[in-house]
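Dear colleague,

Please read the notes alongside the coordinates.

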Amino acid sequence: MSAEQARFQGNTARALAEEFGTPLFVYNADVVEDTYRRLREQLPDVVDVFYSLKANPNISVCGLLAAQGAGAEVSSHAELVTALRAGVAPEDIIFLGPGKDARDLAACVDAGIHAVVCESLEELRLLEDLVWERGASTPYPALLRVNPSFGSKGSGLAMGGKPRQFGIDEEEVRRAKDALAELRHVQVKGVHAYMGTRFLNHADVVHNTAGILSMAEDLAGHLGVPLETVDFGGGLGIAYFENEEDLDLTALGDGVREAVGAFAARHPHCRLIMELGRFLTAEAGTYVVRARYVKRSRGEWFVVADGGTNHHMAAVGIGSFVKRNFPVTHLDRPEEPAEYSYTLTGPLCTPNDVIAKKVTLPEVVPGDLLGVERSGAYGPTASPGLFLSHGFPAEVLVHRGRARLVRDRDTTEDLLAKQHLIDFAYESDTSAGEGMP
């Protein structure tokens, strides 16, 4: 099987487009499973892998990873329900996020998940009151999300050592001993920290892991709380752009094994969690669009496709000073020489709707299919799908050679179903009659 055939497990892009339409996200289950397996083989057994649903909350993608043994890190009520329905055991779920409300916390308590990750002392007190009101017989487990005093390097988005809306500053946690001692219905049982995302150098991940474990051990001793769980984040990246290389998983595994070895020996009953989103799903996804028009403007060729940044804002490089292209493939003629330069755009009425700028491809004509690779993470979940009311695209998972629809495409009726039209003529007539004898 050629590389192009393997992309969709023997299915052609043309066949998928004819069956499911375009634009379309296609996920290759083999790639998800292989990515998880390769990572799991390298990490020490004491480290559990939790999937961050924010990267791709599709229930079948979550279910696929749950079947491989992954836990789930969720950040909304809908993500919690998704993880449970996808088959993740409650004891393998944590819930984090800086803006939880009472419904979120109640759902966590009722489901009996492994822990709520509290990101402020106020949230900890809210959880305390809620557990008390619900009459729980035992204290409910919580982790503290700590914003470490040390920083990270090598991340596309660093989290530690800076003012953030996430977590509690390490310095404030150290002053919270008395507040934690007053808790009666919640038991702080560990620490969560997340240093950043898109790490491509294993040494940076190892450095962060060692620093977080050291901080967790020190904080637990200082605060007098048990150390039963430490989530040391992860943030493993994948190579999207030229001159980038994927992580060396063997070196990563060796480094993490060394970083956690002595800690695990001192705390044999402490659960260690690495949470990953992008790393597990990004490589498996292809965003398939159809060229509607090919046009020239002042010497530059444009391909106007039926989908764009409304579905795949991540491909724009939001937050990056330098805009770089995700890999793009001509799905109809992948073997032909790439001799033409095109700027690939979508259907939106904004000059920012550019998926790839001056990308080299075989000749493109209207009706051709193009694929934005490594698009299995932060596609629909991080995009303004309602802009211009195009709605979100269909999503397909190819599993054991069979393509399955795992999300329906939004229709016009879907988009209008939640809206309510006021009868302005009736209201005008009613208003005009007010005050009359």
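Helices (H or I, at least four residues) and strands (E, at least two) are DSSP runs, numbered from the N terminus. This is a predicted model, in which local features need pLDDT of at least 70 and side-chain atom pairs count only at pLDDT 80 or more, while totals for chains, interfaces and linings use all residues. Residues are numbered from 1 along each chain as its sequence is written, and side-chain values use heavy atoms, with hydrogens and water left out.

G224 lies in the loop between helix 10 and strand 11 (229–234), and at 62% relative accessibility G224 counts as exposed (over 50%; buried means under 20%, partly exposed in between, with a 1.4 Å probe and protein chains only).

A nonpolar core is taken as a set of buried Ala, Val, Leu, Ile, Met, Phe, Trp, Tyr and Cys residues joined through side-chain atoms within 4.5 Å. The largest has 106 residues, and L39, L124 and L127 have the most contacts inside it; its largest share, nine residues, comes from helix 10 (residues 202–223). A second, separate core of 14 residues includes F8, A13, A17 and V398.

With a disulfide defined as a pair of cysteine sulfur atoms within 2.5 Å, the count is zero. C108 is in no disulfide, the nearest cysteine sulfur, that of C118, being 9.4 Å away. Both cysteines are buried, C108 at 0% relative accessibility and C118 with a relative accessible area of 0%.

Best regards
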